[in-house]
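Biologist: I would like to learn how to read a few features of a model. Please take them one at a time.

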Amino acid sequence: MLSALAALANCNTTDRTRRGYLRAEAEHAGAPRRPVIVIAGFGVTRLVDPETGRHVWGTAHAMWQRTYPDDLDLPLDAEGNIGRDRLVPRGWVGSRGPVNTGWQLSIALRKYGGYTLDENLYPFYYDWRLPARENARLLAARVEEIRLEHDGAQVDLVTHSAGALIASTYLKLEGGADDVARLVMVAPVQRGVIEAFRIFVRPERFIRRGFSPEMVATWPFITELLPENGRIFIDPSGAALPYDVWELATWTRFVPLDARHTAALARSLANARAFRDELRNTPMPLTPTVIAGDCVPTARRVLVRGDNTFVFYPGELTDAALRDVLFEPGDGTVPISSARGDAATMTLCDGHQGIAADPHVHRAILRALR
C-alpha cells in the first residue's frame with residue numbers, strides 16, 4: 001500500500017517539486033564548463049535615455065508615461081531614411097509581467113546550473129528596434145570581451161524567441177562560428193511569425209503606452225521577423241488572396257501611413273527580405289539545441305474579412321472549418337514549423353512566455369550546455 005501511494009505521489013509531480021529536483025541535481029553537477037550569454041527576444045531589454053536617466057521602455061512608470069523628449073520612434077528624415085536615437089539598452093524588463101523571459105532564463109541558470117552573474121553568466125542587452133545584423137555585430141564585440149576574460153574560452157549562447165535571429169546572424173554572417181561551443185534556442189523565430197504583421201494592424205498596448213503603426217514602421221527588426229512565406233492571407237472562404245507581405249502594395253492596402261513612414265517601411269522590407277534570404281541560404285556552422293512549444297493553436301495565415309479586419313487568434317474565428325487552414329501547433333506566438341526550421345526539435349506543451357520558466361526546459365538547457 002505504501003509503495004502504491006509513493007508511486008502515485010511520483011506521478012503527480014508539480015513544477016515546484018521538479019525545481020527541487022533540479023536544485024538537488026545541481027549540487028552534483030560540477031562547475032559550468034564555459035561562460036554563457038543569454039539573448040532574450042523582442043521588447044525584453046529596457047531602453048534608457050542616457051541624458052535624463054529615465055527609462056523610456058521596460059519599467060512600470062514607462063508604461064504609464066506617454067510623452068518623452070525622446071520616445072521609441074527612431075528618427076526619420078524627409079526621405080524616410082531611418083536614423084538612430086540616443087536610447088541605450090540597459091537591463092531586463094523585469095521579473096514580473098509577460099515580458100520576463102530574459103530574467104527567467106538567467107535565474108534558472110543561476111539556481112540550477114551553478115552560474116554566477118558577470119562571472120560566467122552574461123546577459124546580452126540590445127536595442128530590439130534595430131536590425132539583427134547591427135545587434136549581431138555588437139554581440140560579436142561582447143563575445144570577444146568575455147572570451148578575453150576567460151583566457152580565450154569558447155562561449156555558449158542561450159536564446160529565446162527573436163533572440164535566436166541575432167544569434168543565428170552572428171554565427172552565420174558575422175564570423176562567430178569558432179567562438180561558440182553550444183547554441184540553445186528556446187521558442188526560436190526561425191521562419192518568421194504572423195505577430196510581426198499583426199503588430200502593425202492591431203497595435204500592442206501596454207497600460208497607457210501603445211505601439212502605433214507609425215512608431216513600428218521605424219523599427220527595422222520588425223520586418224525581419226515577418227513570415228518567410230509572404231503569402232499568408234486568405235478570404236472567408238479559405239481561398240488564398242493575392243497579397244504578399246514582402247510587397248509594399250500589401251502594406252499600403254492595410255496600413256495607412258504618411259509618405260515618410262511608407263518610404264521607411266519600403267526600405268525596411270527590401271533590406272529584411274535580402275537579409276532573410278542570405279540567412280536562410282547560409283549553413284548553420286554548429287548543431288543547435290531547439291526547444292519549442294507545440295500545443296497552442298498558432299497563426300500561420302491571416303483571415304482578411306470583407307471590412308479589412310483580421311483574424312489572428314482561434315477565439316476570433318466563427319467558421320470552424322478554417323481552423324486548420326489558419327492555425328498549426330505552436331506556442332501561441334511561434335508556430336512549430338517556424339521554431340523548428342531545419343533542426344531537430346524538442347517539443348513540449350507550453351506557451352511562448354511560459355516556456356522560459358518551465359523546469360523541463362531548464363533541465364534541457366543545462367543538459368545541452370554540459
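Biologist: Is C349 buried or exposed?

Modeller: This is a predicted model, and in it C349 is exposed, at a relative accessible area of 57%. The cut-off for exposed is over 50%. C295 has 35% and is partly exposed.

Biologist: How many disulfides does the structure hold, and which residues does the disulfide join?

Modeller: The general idea is that a disulfide is a covalent bond between the sulfur atoms of two cysteines. The structure holds one. It joins C295 to C349, with an S to S distance of 2.0 Å. The angle about the S-S bond is 85°, and the link of C295 and C349 is right-handed.

Biologist: Where do C295 and C349 lie?

Modeller: C295 is in the loop between β11 (289-293) and β12 (296-299), while C349 is in the loop between β16 (345-348) and α14 (359-369), so the pair ties together parts 54 residues apart in sequence.

Biologist: What angle do the axes of α6 and α11 make where they cross?

Modeller: In general, two packed helices are described by the angle between their axes and the distance between the axes. Here the axes of α6 (residues 163-173) and α11 (residues 259-281) cross at roughly 65° and come within 10 Å. The crossing of α6 past α11 is left-handed.

Biologist: Which residues of α6 and α11 meet?

Modeller: From α6, L165, S168, T169, K172 and L173 meet F275, E278 and L279 of α11. By type, the residues of this contact between α6 and α11 are four nonpolar, two polar and two charged.

Note on methods. Residues numbered from 1 in each chain as written. Predicted model: local features only at pLDDT ≥ 70, side-chain atom pairs only at ≥ 80, totals over all residues. Heavy atoms only, no water. Axes fitted to C-alpha atoms, helices over the stretch in contact; angles between N-to-C directions. Helix = DSSP H or I, 4+ residues; strand = E, 2+ residues; numbered from the N terminus. Left-handed = near helix turned anticlockwise from the far one by under 90°. Contact = heavy atoms within 4.5 Å. Nonpolar A, V, L, I, M, F, W, Y, C, P; charged D, E, K, R; others polar. Disulfide = S-S within 2.5 Å. Buried < 20%, exposed > 50% of the residue type's maximum accessible area, 1.4 Å probe, protein only.
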